[in-house]
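This briefing collects local features of a single structure, grouped by topic. Please keep the sequence and the coordinates at hand while reading.

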Amino acid sequence: MSGAGISTASGIQDFRSPGSGVYDNLSKYNLPYPEAVFELEYFKKNPKPFNSWAKQFFPGVNYLPNTGHYFIKLLEEKGKLSKLFTQNIDGLERIAGIKEDKLVEAHGTFNSASCISCKEAYSIQTLKTQILEDITPTCHKCQGLIKPNIIFFGEPLPGRFFDEAEFDCMFADLLICIGTSLEVYPFAGIADVTRHTTPRILLNNDLVGSFGTRPNDSVLLGDINASIEKICDRLGWSQQILDMNNLNKPIKTCS
């Protein structure tokens, strides 16, 4: 399971860190309170703050995967990934190549879009183009507002999350929790659904949730990518992680 902390090394702010988090840097949008940018009722009244924020956030525009995402992809390639449950809406797991059947985006995705009124599907590429050009997208069918299929406050989580989370966690051999405050439910509850004796590893800046209270818990605090690099070194995967990172770095050109 992963949260915003896995993507900070890609340059994406997490949501709740004092001073640097997304919620502490939304004053320019003149919101009544920071969380309003992701509230459905506020979006219906004023979609511009969300659309302005989304301009900087579309997957692959300003941000690319980092070691944390490639570590999970490598687990998949090694046949050791049962499922990745992510809170993140940045789409970096998809860019890293994690297959859709292994990925549950609990808070939705920037990979598709739809009308908030009639639910008619809308081209994500068209939405992206319009938002980047400061055009407010509307539905061709009912003229309702369009947004990416990310979960706003006031919307239910995808059915797949509830269908698969409990089963996958109950039968997991190991749970790895990366970069999350474990404050947002029901996602945070995944960490406690595993059997009491199932090994759990927390890779995070801070100790969170119930980690440290079970007999087979392990905790690596501090820089997440540094911790992952240590794990890969012990597993003999260092070169593979390095190769994956180098293969996907943007190419610099000389003028």
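This is a predicted model: local features need pLDDT of at least 70, side-chain atom pairs count only at pLDDT 80 or more; totals for chains, interfaces and linings use all residues.

Over the ring of which residue does the charged end of R200 sit? The ring is that of F211, and the charged end of R200 lies 4.3 Å from its centre.

**Aromatic rings and charges over rings**

- A search through the whole structure gives 12 aromatic pairs, and one of these joins F38 to F152 in an edge-to-face arrangement, with 6.3 Å from centre to centre and 80 degrees between the planes.

**Helix α3 and its packing against α8**

- Helix α3, which spans residues 67-77, packs with helix α8, residues 224-235, at an angle of about 35 degrees, and the two axes are 9 Å apart; the crossing of α3 and α8 is left-handed.
- On the α3 side the contact is made by T67, G68 and F71, while α8 contributes N225, I228, E229, I231 and C232.
- Sorted by class, the residues in this contact of α3 with α8 are four nonpolar, three polar and one charged.
- Taken as a whole, α3 is mostly covered, with 10 of its 11 residues buried; the buried residues include the charged K73 and E76 as well as the nonpolar F71, I72, L74 and L75.
- The cover over the buried residues of α3 includes β1 (84-86), α4 (92-95), β6, α8 and α9 (238-247).
- T67, a residue of helix α3, counts as buried because its relative accessibility of 8% is under 20%.
- Leaving out residues up to four places away in sequence, T67 touches N225, I228, E229, I241 and N245; of these, N225, I228 and E229 are among the α8 residues that make the contact between the two helices.

**E105 in strand β2**

- E105 lies in strand β2, residues 103-105, and at a relative accessibility of 11%, under the 20% cut-off, this residue therefore counts as buried.
- When neighbours within four places in sequence are set aside, E105 is in contact with T86, R94 and P158.
- The C-alpha atoms of E105 and G212 are separated by 26 Å, and the two residues are 107 residues apart along the chain.

**Backbone features in loops**

- The peptide bond that runs from Y185 to P186 is cis, with omega near 10 degrees, and P186 is placed in the loop between β6 (175-178) and α7 (190-193).
- K119 is not a glycine, yet has a positive phi of about 70 degrees; the residue is found in the loop between β3 (108-115) and β4 (121-122).
- K119 counts as exposed because its relative accessibility of 53% is over the 50% cut-off.
- Q143, also not a glycine, has a positive phi of about 70 degrees and lies in the loop between α5 (124-132) and β5 (146-150).
- Is Q143 buried or exposed? Its relative accessibility is 53%, which is over 50%, and therefore Q143 counts as exposed.

Methods. Residues are numbered from 1 along each chain as its sequence is written. Side-chain values use heavy atoms; hydrogens and water are left out. Axes are lines fitted to C-alpha atoms, for helices over the stretch in contact, and angles run from 0 to 180 degrees between N-to-C directions. Helices (H or I, at least four residues) and strands (E, at least two) are DSSP runs, numbered from the N terminus. A crossing is left-handed if the near helix is turned anticlockwise from the far one by less than a right angle, and right-handed if clockwise. Contact means heavy atoms within 4.5 Å. Buried means under 20% relative accessible area, exposed over 50%, partly exposed in between (1.4 Å probe, protein chains only). Rings of Phe, Tyr and Trp (its six-membered ring) pair if their centres lie within 6.5 Å; planes under 30 degrees apart count as stacked, over 60 as edge-to-face and the rest as tilted. A charge sits over a ring if NZ of Lys or CZ of Arg is within 6 Å of the ring centre and within 35 degrees of the ring normal.
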